[in-house]
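Okay, thanks for coming, everyone. Let me put the structure up and walk you through a few spots.

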Amino acid sequence: MAFESLSERLNKAIKNISGQGKLTEKNMNEMLKEVRLSLLEADVNYNVVKEFVENVKEKALGQEVMDSLNPGQMVVKIVRDEIQTLLGEEDAKINFKKQGITTLMMVGLQGTGKTTASAKIARYCKQKLAKRVLLVACDVVRPAAIEQLQTLGKSIDIEVFTLGAQTPAVETARQAMRYAADRQKDLVIFDTAGRLHIDDELMNELSEMKELVKPDDILLTVDAMTGQDIVTVAKEFNERLSITGLVVTKMDGDARGGGLLSVRSITNVPVLFVSSGEKVEDLEEFHPDRMADRILG
Ligand code: GDP
C-alpha cells in the first residue's frame, strides 16, 4: 500500500520526541532532520519539504508549545497537521450544478486509469448521489477504449454514448450533450483521449472540447506510482486547461506517496478521489484528514 515506508519512518522519527517532557532545540533539530529525510526519501518535492520543515520548526518553537505540559506530543500534532495542510484542509467534491446537466471531463495520460476512473466515478454518482449519469466515449485514439467503456458501463448499468472511433471526439461530445438533454440526465462524464506524452495535439483537442462542453469539472487522473511526475503532469495540464481536481490512481501499489503529498501545494488543485484497484468499486472519496492520520498513525 502507498505511504507504508513513509509512515513507518515518520512515526519512528517523531516517536522519540513525543515522550520527552522537555523540548530542546537540539532534540527538535534531530527529529526535524529525520522528518526531512523521510519526506525526501518518499519522493516529496524538495521545495515542499523545505517549507514543511520550516513551518513545523516555527510552530514548534512557539511559546505555547514550549510552555505546554507535553511539548513532545504537541510537536507530533504539529507535524500531523502540517501533513494535512499539504494534502488539503477540506474535502473537495464534484462541482454539481444546482439545475441542469453537470458536465465532467476526465483527462490524463494514457494508462493512468482514466477510462476505469470515468466508470468508477459514474458508479459512485449513481449509487451514492442518485444521479442519472451518461458516460461518453471520446477516447477515439486508444484502440479498444470505446469497447472498454461500454463493457464497464454495462457492468454498472450506466448508458454509454458513442459514435464510434471514426467520429471526431468533439463531434461525439456535441451530440452527447443533446442526447443527455433529451433524456434528462444529471451528469455527463466525458472519457477523453490520453497520449503517452503531453503534446500539442492532445491539448488542442482537449481545449476544443472544453470550449464546447464548458465542463463544471475537469479531473486529471494521475498514477501514484509515477512519483513526482504527478506534479509535472498536473502542472502542465493545469496551465493548459485549468483543471479543477485530481483522481490519484493505483494507490494499491507500493507508491512512496511523494507525488500525492506535493501536488496540492504546487498546483493548488485538490484530490477528489483515490483509486486503489482495478474493480469498479475500488474508488474512495479523498479525505485529507484521514490520510494524514493514516500516514502519522
Ligand atoms: P487509460 O488509458 O488512462 O484510460 O487507462 P485504463 O483505465 O485503461 O487503465 C489502465 C490499466 O490500469 C488497466 O489495466 C486498469 O485496470 C488499471 N488500473 C486503473 N486504475 C487502477 C488502480 O487504481 N489500481 C490498479 N492496480 N490498476 C488500475
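So, starting on the surface: Glu89, Glu90, Asp91 and Asp289 gather there in a patch of negative charge. Before I go on, this is a predicted model, where local features need pLDDT of at least 70, side-chain atom pairs count only at pLDDT 80 or more, and totals for chains, interfaces and linings use all residues. Residues are numbered from 1 along each chain as its sequence is written, and side-chain values use heavy atoms, with hydrogens and water left out.

A patch here takes residues with over 30% relative accessible area and no salt bridge, with like charges joined within 9 Å. A salt bridge would be a side-chain nitrogen of Lys or Arg within 4 Å of a carboxyl oxygen of Asp or Glu.

Where is Asp91 found? In the loop between helix H5 (71-87) and strand E1 (102-108); helices are DSSP runs of at least four residues, strands of at least two. Asp91 counts as partly exposed because its relative accessibility is 33%; buried is under 20%, exposed over 50%, with a 1.4 Å probe.

Now, cysteines. The whole structure has zero disulfides, meaning pairs of cysteine sulfur atoms within 2.5 Å. For Cys125, the nearest cysteine sulfur is that of Cys138, 17 Å away. Cys125 is buried at 0% relative accessible area, and Cys138 is buried at 0% too.

Last stop, helix H11, residues 258-267: seven of its ten residues are buried, so H11 is largely enclosed by the rest of the structure. Among those buried are Gly258, Leu260 and Val263. After H11 comes Asn268, with a positive phi near 65°.

How values were computed. Patches are made of residues with over 30% relative accessible area and no salt bridge: like charges are joined within 9 Å, nonpolar side chains (Val, Leu, Ile, Met, Phe, Trp, Tyr) within 5 Å. Accessible areas come from the Shrake-Rupley method with a 1.4 Å probe; for residues, only the protein chains shown count as cover. Lys and Arg count as positive and Asp and Glu as negative; His and the chain ends are not counted. The place of a charge is taken as NZ of Lys, CZ of Arg, CG of Asp or CD of Glu.
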